[in-house]
Amino acid sequence: MNEPEKDPAIDARPNSEKNWLSLEKSPYLLQHERNPVNWYPWGNAAFERAMRENKPVFLSIGYSTCHWCHVMEEESFEDEEVAALLNNHFIAIKVDREERPDIDSIYMNVCQMLTGEGGWPLNVFLTPEQKPFYAGTYFPKTGKYGRPGMMDVLPQLLNIYKNDAERIADIAGKLTLALQPDNSSTQDKIPFHVLNKAFSILESEFDQVYGGFGTAPKFPTPSMLLYLLRYSQVKANPKAFEMVKKTLSAIADGGIYDHIGYGFARYSTDQQWLVPHFEKMLYDQAQLLTVYTEAYLIKPDPLYKKIVYDTIEFIEREMTHPKGGFYSGIDADSEGKEGTYYVWSGTEIDSILGAEKAALYNEVYNITRQGNFEGKNIPNLISTNKPGIAEKHGLSTDELEKELENCRVLLLTKRQERKYPHLDDKILTAWNGMCIAALAKAGAVFSEPSFIGLAQKAAAFVDGELWQNDFLYARFRDGEAKHMGYLDDYAHLLAGQLELFLATGETVHIQKAVRLANLLFERFADTEFYGFFFTDKETEALIVRDKSIIDSAMPSGNGIAIQQLWRLAKLTGDNELLTKTEQAMNSFADEAIRYPTAVLSLLTARMAFEADGKEVVVSGTDEKMKLELYDFIRTTYRPHDVWLEAEDVLVPETAALTEGRHHDDKLFAVYICEHSVCQMPIFDLNEAKQALI
């Protein structure tokens, strides 16, 4: 952790221009380095000063592409009156939630306990011992929108802190106690019927008109969609797939999808997916890539393939470091306003495309003079009838698509002349692991070596920049790796290595996966109650060592870890690992029973244990036949199967599954194993394919 070079008790700023955040690498912290607030990064210096001076701590958490964080900075943190109150009576700490999800998770739980809601910016008041006593999200300078203002909250809390210390201590003590995890599970395992209960809840919340779940604001919720895809197979339930199909089509048509530059915005502010919150996050791109890819395996809709290819084009163009890692996010705001980079006036499109092309483009993408967003237009395909428009203009469907693509390229070229939104160029291990997995899967499904190449280059970046001996770090930026890796980092990187192995068959990936699994148990395992803590056993101690199974915008680290350890156990034939993974899964049985749709990554793992799937061991001397079988396997939907080559007889990680199944005396041989029993080898390619249907 970077500590100030001067004594912060004497000088609360390194110089008159900047505060202590200027010594950090986080783009979010650096956005606040010139605030008049004497911000500290999270660390001993800030809390020691708070203790020494008996001052409450004001903890403000956000991230660099957060719109309302920008609003609060402008209204409150750049204001001299607010800054004077904070500087004179509080110790102010800024935290980037994407770099320190451990801190964010703890104090977000506090906010939800106290207010029933959460979000960013997150602002929490602490004792010098890091114990919370008040929390909220957005605070304007003065009260508005039914929210208290900083000029109201700061004096009131300061008065209570100074004059009623017992009350503060009581509140802080009770909140801290409430944060401690309850490890006393009353169930031995997760009942299978919970999977049906989760589906029933999702079905009841499904928007039959516009797809997705609930009303505005509407999020893509990839964890729900992936759960439904697997449920549709395991339970042979076509309704589950229809829910996914309608949602994916609606998202692809709506303004939440960038029809000019590609990629997905964070969420839709309305029910029909038209007006997005324009920020683009890497984890949304990665998760939705996986959903569209898997949906294609069930129903090979050309739309799904197009979305996958276009999204990868966007990631490569706008979110990729020259050495291969992937950036975190792109802001919604530019030129001081949300969405400016992405919206169009009708006259602007006319001038770029010319009257004839503009008329066609506007009709397809619903561009009007009055606009659909603050007088401007968000291109969208909601309610568009492309075949009807093609016929009206005397064009074939292919000709229409060619014309529209020409228009898109012209508009993208012109858009690139605008002021680009802020790019958060830090590289997060967890999000990169997620994207590596998505790209590797897409490369295998669509037989695109370039996609696998992007995944391999990113994996090499993580290997080179974020590993230091046996320590994986969470963030890289500007030459610096920082923050010991969290559960999410190991779990998602494990997923990436397994997908690379299944896509390429290169044993180095299974070896790296085994290393990650071993470190997961060594550094994160709850050896008493099972499951995994969020933080490394050797990292900084906070007021609670969090252990959660609840999914949020990203699936829970425990859910992903359990899914991937299950797959690794199948690939390695490691029954001890399988048992330990099942124990970890069942340790969250109470949560699964109480609120199943909040733990869908866990229930996806439970479904995998139930489905079991196949282990396919391939051998023989005819490379062409083997490649044809691999192509068949990779292009059919089999989320619970694993496959590997028996030729690598010297690879100890997979020996339990491959031993005795190597055939250098046959052109082709396949062993199909289920429920720990392997069938007799199959020596005919077509027969092997038939057995895998």
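Trainee: Which residues does the face of α7 turned away from its buried side carry?

Mentor: That face of α7 carries the exposed residues Glu166, Lys174 and Leu177. Keep in mind that this is a predicted model.

Trainee: And which residues of α7 are buried?

Mentor: Buried means under 20% relative accessible area. In α7 this holds for Ile168, Ala172, Leu175, Thr176 and Leu179. Look down the axis of α7: the buried residues fall within an arc of 100 degrees, so they line one face of the helix.

Trainee: What covers the buried residues of α7?

Mentor: The cover includes α5 (101-115), β5 and α6 (150-163).

Trainee: How many Å should helix α7 span?

Mentor: Count 1.5 Å a residue. Helix α7 has 15 residues (165-179) and should span 21 Å; its end C-alpha atoms are 21 Å apart, which agrees.

Trainee: Now the strands. How do I read a sheet?

Mentor: Strands of a sheet pair through backbone hydrogen bonds, either parallel or antiparallel. Here five strands form an open sheet with mixed pairing, and their order is β1-β3-β2-β4-β5.

Trainee: Which strands stand at the edges?

Mentor: Those are β1 (40-41) and β5 (132-136). Each has a single partner strand, so one side of each is left without a neighbour in the sheet.

Trainee: How many bridges join β4 to β5?

Mentor: Four bridges join β4 (residues 122-126) to β5, and the two strands run antiparallel. To see one of these pairings, find valine 124: its bridge partner in β5 is alanine 135.

Trainee: Which helix packs on the sheet, touching β2, β3 and β4?

Mentor: That is helix α3 (residues 67-77), whose direction makes about 145 degrees with that of β2. Helix α2 (residues 44-53) lies across β1, β2 (57-62), β3 (91-96) and β4. The angle between α2 and β3 is about 155 degrees.

Trainee: How many helices and strands does the protein have?

Mentor: The protein has 27 helices and 20 strands. Its C-alpha trace spans about 85 × 70 × 45 Å along the principal axes.

Trainee: What radius of gyration would a compact globule with 693 residues have?

Mentor: It would be near 26 Å; the protein has 27 Å, which agrees. Of the 693 residues, 59% count as buried.

Trainee: What share of the contacts with a separation of 6 or more comes from residues 24 or more positions apart?

Mentor: Such residues account for 68% of those contacts in the protein.

Key: Residues numbered from 1 in each chain as written. Predicted model: local features only at pLDDT ≥ 70, side-chain atom pairs only at ≥ 80, totals over all residues. Heavy atoms only, no water. Pairing = 2+ DSSP bridges. Contact = heavy atoms within 4.5 Å. Axes fitted to C-alpha atoms, helices over the stretch in contact; angles between N-to-C directions. Expected span 1.5 Å × (residues − 1). Buried < 20%, exposed > 50% of the residue type's maximum accessible area, 1.4 Å probe, protein only. Arc of directions from axis to C-beta. Rg over C-alpha atoms; globule rule 2.2 N^0.38 Å.
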